Amino acid sequence: MGFDGVVGAKSAIGGENRSGARRRVTLRKALIVGVGVAALGLLPAAAVATPGSGVSGTVHAEGTSEGKLKVKTPNGRTDVTFREITVAPGGSTGWHTHSGQLIAVVKSGTLTRTLHDCSVEATPAGTSFIEPSGADHRHIGRNLGTEPVVLWVTYLLPEGSALSDDAEAADCPAAR
């Protein structure tokens with residue numbers, strides 16, 4: 001253990017004690033390091049990135065949700081399937097359920113869904129929605145318009161599950 005002299009004694013240079021001078025030097029070094037790190041953050045990201053080549057992508061459909069999308073994957077392994085579905089004018093999906101969630105984007109037309117509680121949701125082109133999983137979430141999708149409804153759907157299903165399961169119609173007026 002070292003002893004630097006009398007506590008609170010002033011040095012001959014500048015009239016300060018040594019611990020105050022050390023603190024200033026430490027703060028100065030910390031400031032210089034901080035400014036250096038901040039300056040690195042201002043460099044363009046391309047300076048450290050590698051350019052891509054031979055890659056292309058096509059956006060086939062975009063949709064915005066009404067609110068926050070709450071995605072839940074099944075327990076265990078998940079089959080992920082991406083599918084384009086077309087419902088002709090006057091057509092319907094029939095009443096059905098899914099064993100996992102679906103994320104859907106309506107590319108064109110308007111899909112009208114009647115849900116298990118008899119509520120009706122019309123989802124136009126440019127919007128998205130999630131269909132929940134389970135037998136208690138039966139539903140039917142209809143095209144009540146004059147142009148085909150085109151959906152782009154991502155299925156998140158337990159491994160080996162069917163894309164959908166037929167279900168009895170809900171007891172809704174005019175929903176059959």
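Select strand E5 (120–124). Strand E5 gives the most to the lining of the largest pocket, with 4 residues. Strands here are DSSP runs of E, at least two residues long, and helices are runs of H or I, at least four; both are numbered from the N terminus. This is a predicted model: local features need pLDDT of at least 70, side-chain atom pairs count only at pLDDT 80 or more, and totals for chains, interfaces and linings use all residues. Residues are numbered from 1 along each chain as its sequence is written, and side-chain values use heavy atoms, with hydrogens and water left out.

**The pocket**

Stay with the largest pocket. About 520 Å³ of space lies in it. A pocket is an open set of points on a 1 Å grid where a 1.4 Å probe fits, with protein on both sides within 12 Å along at least five of seven lines; lining residues have an atom within 4 Å of a point. The volume is the space filled by probe spheres set on the points.

Now show Arg113, Glu121, Phe129, Ile130 and Pro132. Of the 29 lining residues, these are the closest to the pocket centre. Colour the lining by type: 9 residues are nonpolar, 13 polar and 7 charged. Charged means Asp, Glu, Lys and Arg; nonpolar means Ala, Val, Leu, Ile, Met, Phe, Trp, Tyr, Cys and Pro; the others, Gly among them, are polar.

**The aromatic pair**

Next, select phenylalanine 82 and tryptophan 152. A search of the whole structure finds 1 aromatic pair. Their ring centres are 5.3 Å apart and their planes stand at 55°, so the pair is tilted. Rings pair if their centres lie within 6.5 Å; planes under 30 degrees apart are stacked, over 60 edge-to-face, the rest tilted.

Phenylalanine 82 sits in strand E1 (residues 78–87) and tryptophan 152 in strand E8 (residues 149–158), so the pair ties together parts 70 residues apart in sequence. Which is buried and which is exposed? Phenylalanine 82 is exposed at 53% relative accessibility. Tryptophan 152 is buried at 10%. Buried means under 20% relative accessible area, exposed over 50%, partly exposed in between (1.4 Å probe, protein chains only).

**Threonine 97**

Move to strand E2 (residues 96–97) and pick threonine 97. Threonine 97 is buried, at 9% relative accessible area. Beyond its neighbours within four places in sequence, threonine 97 contacts Gly134, Ala135, His137, Arg138, Ser164, Asp165 and Ala167. Contact means heavy atoms within 4.5 Å.

**Zoom out**

Show the whole chain: 1 helix and 9 strands.

Terms used:
Rings of Phe, Tyr and Trp (its six-membered ring) pair if their centres lie within 6.5 Å; planes under 30 degrees apart count as stacked, over 60 as edge-to-face and the rest as tilted.
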